[in-house]
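Please open the model in a viewer and follow the stops below in order.

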Amino acid sequence: MKLNRVAVTGISALCGLGHSMDEVWANLIEGKSGISSMKDIDPKMWPVQFAGTVNDFSIAEDLLDLKERKRFDLFIHYALHATDEAIKAAGLLDAKYDPYMMGSIMGTGLGGFPVIESTTEIYHAKGPRRVSPFFIPAFIPNMSAGRISMQYNLRGVNYATSSACASASHAIAAAASEIMLGRQDAMVTGGSEAVITGLTMAGFASMKALSKWNDQPTKASRPFDKERNGFVMGEGAGILILENLDKAKARGANILAEVVGYGATADAYHITSPHPEGEGTIPCMQQALKYAGIAKEEIDYINAHGTSTPLGDIAETNAIKKVFGDHAYKLNVSSTKSMHGHLLGAAGGIESVICIKALNEGVIPPTINLDDQDEKCDLNYTANTMVKRDMQYALNNSFGFGGTNSTTIFKKYLR
Amino acid sequence: MEIQEKVISIVSEAANVEVANIKAETSFVDDLNLDSLDMVEMMMKMEEEFGVEIPEEKTEDLKTINDVTSYLKANAN
């Protein structure tokens, strides 16, 4: 069976570094931190008091009016906001696709956790009769894809993927498959996450997963550095518009890149710790390379999962060395989580978008705060300053709790 | 009159329609396009505002501003 090629025709990003692709990209290549201290919180209830928060955000009236706004949790706002930018950039609204051949698969790790938290309080204080009829639609993980379908009349496949920090990456792979198999012509995919609350922060803090550098928030996310001490929570969205490449070309779309390969595996080892020998992540990257039909030496850039945890960064480094051999030292790695924090279920979305932008601009955004590199992390992590490099292939890793792994490979589109 | 003003204000917010465009005979479904979830939420707000319990089977009969105002007048403490 001949598979269709998959074009990326629109991208967008939303995170602590900005509300649009251009703003986020400008800050990324300048090596700026999008991490800030939380305002207006009770410090007793927040063990960790900083995050990569999206500041000064409110969604446009034509996406959610005042009435609707209160009825959807923030991850849906973020998904809609970013989708609108990507869909307009792709010119998808002018494309003449059958609505049933356009779909959306969106990743989210925790969905509408904040509204579950606040409604639980209402339930206990006022009883079941005061639980809003909009409570369930406000938090269900597939509502971002659902509400997007209503906004743009996408009547094809529509669902959410949820695999913790690999959610968006799995969504992109699933969406690409729909196009490869000819089941859909165009897909809105990626992911969104918005779960910065006292309770989630307490949960991650109890796992010892979070950095607690409350007095130095912009320095706290420092992947591959000796002083790294946990991840920094982020939020936002990363959205891609995928299309059947032949059809995108025929309609004169501006093709940014191709999705050429992906891998997906499980560690089958531990609920939260990575497999020490990379039994899940190594085959995951190898699968993606095989699917893309390229030699490992062709990868120019890896946007690493690199969450800034002591164990995870070493495990990923070892896995990359195992997969790429000598070439591991020739390619550029960077963890942009050093700047936008860990967007959990949206991480694979925003980082895929960054890979595509890097391929197009010939610029690799750095790993910031890499002041004293860990000896066990001995690759070229593009420390602190962006690097110019002519690239053809970029690879993104996303690994999640539950031992789930996802790797995606993007190819620069040559006109 | 005061009850009706309050009712209109709650409906205005639920429907995202200006107070000036809501009259005593305005129908929630026919004029304001409220769906079943909108109706439940709105009745909840009425209950909260007026301290009155509106039984579920009763809400089906409350179709206009007038209906709600009359019900509240009859049942408010």
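Begin by selecting the interface: 12 residues of chain A are in contact (heavy atoms within 4.5 Å) with 14 residues of chain B. The model is predicted, so local features need pLDDT of at least 70 and side-chain atom pairs pLDDT 80 or more, while totals for chains, interfaces and linings use all residues. Residues are numbered from 1 along each chain as its sequence is written, chains are lettered from A in the order in which they are written, and side-chain values use heavy atoms, without hydrogens and water.

About 1200 Å² is buried between chain A and chain B, 43% of it from carbon and sulfur atoms; buried area is the accessible area (1.4 Å probe) lost by two parts on being put together, summed over both. Next select A:Lys67, A:Arg129 and A:Arg130, which supply 47% of the area that chain A buries against chain B, more than any other three residues.

Across this interface the rule finds eight salt bridges (a side-chain nitrogen of Lys or Arg within 4 Å of a carboxyl oxygen of Asp or Glu). One of them joins A:Lys67 to B:Asp38, with the closest N and O atoms 3.6 Å apart.
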